[in-house]
Amino acid sequence: MKLVPLGDRVVLKQLVAEETTKSGIVLPGQSKEKPQQAEVIAVGPGGVVDGKEVKMEVKTGDQVIYSKYSGTEVKLDEEEFIVVKQSDILAIIEA
């Protein structure tokens, strides 16, 4: 199966959280918070959304940072995805 977002929606796959800090400190399970970093899996077509022209600025494969409490979590074929509006994406991570 495949998720195809509509309008200005974007499908994200959350990146795996690091279990140790850069200095080598191991984080216990309960203190870990889900990172707001994700990879873009699929992008909607954009177009006119709520009467405004929306140009999609992210593309498949981009690594992004998104708002903490945004989006809808979806489980498909044992994988978890998050569907967000493009406006919930705060930044693109460039290497």
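Predicted model: local features only at pLDDT ≥ 70, side-chain atom pairs only at ≥ 80, totals over all residues.
## Burial and surface

Of the 95 residues in the chain, 25% are buried (under 20% relative accessible area with a 1.4 Å probe, protein chains only; over 50% would be exposed, and in between partly exposed).

Residues are numbered from 1 along each chain as its sequence is written, and side-chain values use heavy atoms, with hydrogens and water left out.

## Strands and sheet

The chain has eight strands and zero helices, so from the N terminus the elements read β-β-β-β-β-β-β-β (strands are DSSP E runs of at least two residues, helices H or I runs of at least four, numbered from the N terminus). Six strands make an open, antiparallel sheet ordered E6-E7-E1-E2-E5-E8; strands pair if DSSP finds at least two bridges between them. E6 (72–76) and E8 (89–93) sit at the edges with a single partner strand each, so one side of each lacks a neighbour in the sheet. From one strand to the next, the twist averages 40° (the angle, 0 to 180 degrees, between N-to-C directions of lines fitted to C-alpha atoms).

The bridge partner of Leu-76 is Glu-79 in E7.

## Contacts along the chain

Take the contacts (heavy atoms within 4.5 Å) between residues at least 6 apart in sequence: 65% join residues at least 24 apart.
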